[in-house]
Amino acid sequence: MINSHEALFTAKSEKRFLETLERHLPSMVTAYVLNWIPEQGEDILTYLVNIDTVAIIEINRVDQSVEPIVEILPLSEYKRGLSKIKQIKIAVAIDLARKDIEAKLN
């Protein structure tokens, strides 16, 4: 989770994801990948943004000119009905995000 977080903010291969997140959530301080589904022609990634928002982004890998599809949800809505394992993953991401936000405020 930490490695994917660092890659989002530093790797050129993640640039489209970062730009999409920044465009749709300009108040973003930090983001962590909760889920990644590689489809045939696109990637679908689910991010915890800050500590209270989930962004689901579908980006076309084949045609870069296709605008990404973005769905923004409150964390409380996203968490409904998730398995215990996924909820633990979210709890870890929230803890990491809190530390990031505290570090940026200090």
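## Sheet

The predicted model holds an open sheet of 4 strands in the order S1-S2-S3-S4, with antiparallel pairing. Strands (E, at least two residues) and helices (H or I, at least four) are DSSP runs numbered from the N terminus, and two strands pair if DSSP finds at least two bridges between them. Strand S1 (31–38) and strand S4 (69–74) are at the edges with a single partner strand each, so one side of each has no neighbour in the sheet. From one strand to the next, the twist averages 15 degrees.

Strands S2 (residues 42–49) and S3 (residues 53–60) are joined in the antiparallel sense over 8 bridges. Ile-44 stands opposite Glu-58 in S3.

## Basis of the values

This is a predicted model, in which local features need pLDDT of at least 70 and side-chain atom pairs count only at pLDDT 80 or more, while totals for chains, interfaces and linings use all residues. Residues are numbered from 1 along each chain as its sequence is written, and side-chain values use heavy atoms, with hydrogens and water left out.

## Helices against the sheet

Helix H1 (residues 2–10) lies across S1 and S2 and runs at about 95 degrees to S1. Helix H2 (residues 15–24) lies across S1, S2, S3 and S4, at about 130 degrees to S3. Axes are lines fitted to C-alpha atoms, for helices over the stretch in contact, and angles run from 0 to 180 degrees between N-to-C directions. Contact means heavy atoms within 4.5 Å.

Leu-8 is found in helix H1. With 1% relative accessibility, Leu-8 counts as buried (under 20% relative accessible area; exposed is over 50%, partly exposed in between; 1.4 Å probe, protein chains only). Not counting residues up to four places away in sequence, Leu-8 touches Glu-14, Phe-17, Leu-18, Leu-21, Ala-31 and Tyr-47.

## Aromatic rings

Rings of Phe, Tyr and Trp (its six-membered ring) pair if their centres lie within 6.5 Å; planes under 30 degrees apart count as stacked, over 60 as edge-to-face and the rest as tilted. By this rule the count is 1 aromatic pair. Phe-17 and Tyr-47 form this tilted pair, at 6.3 Å centre to centre and 55 degrees between the planes. Phe-17 lies in helix H2 and Tyr-47 in strand S2, so the pair ties together parts 30 residues apart in sequence. Phe-17 is buried at 7% relative accessible area, and Tyr-47 is buried at 0%.

Lys-104 lies over the face of Phe-9, 5.8 Å from the ring centre. A charge sits over a ring if NZ of Lys or CZ of Arg is within 6 Å of the ring centre and within 35 degrees of the ring normal.
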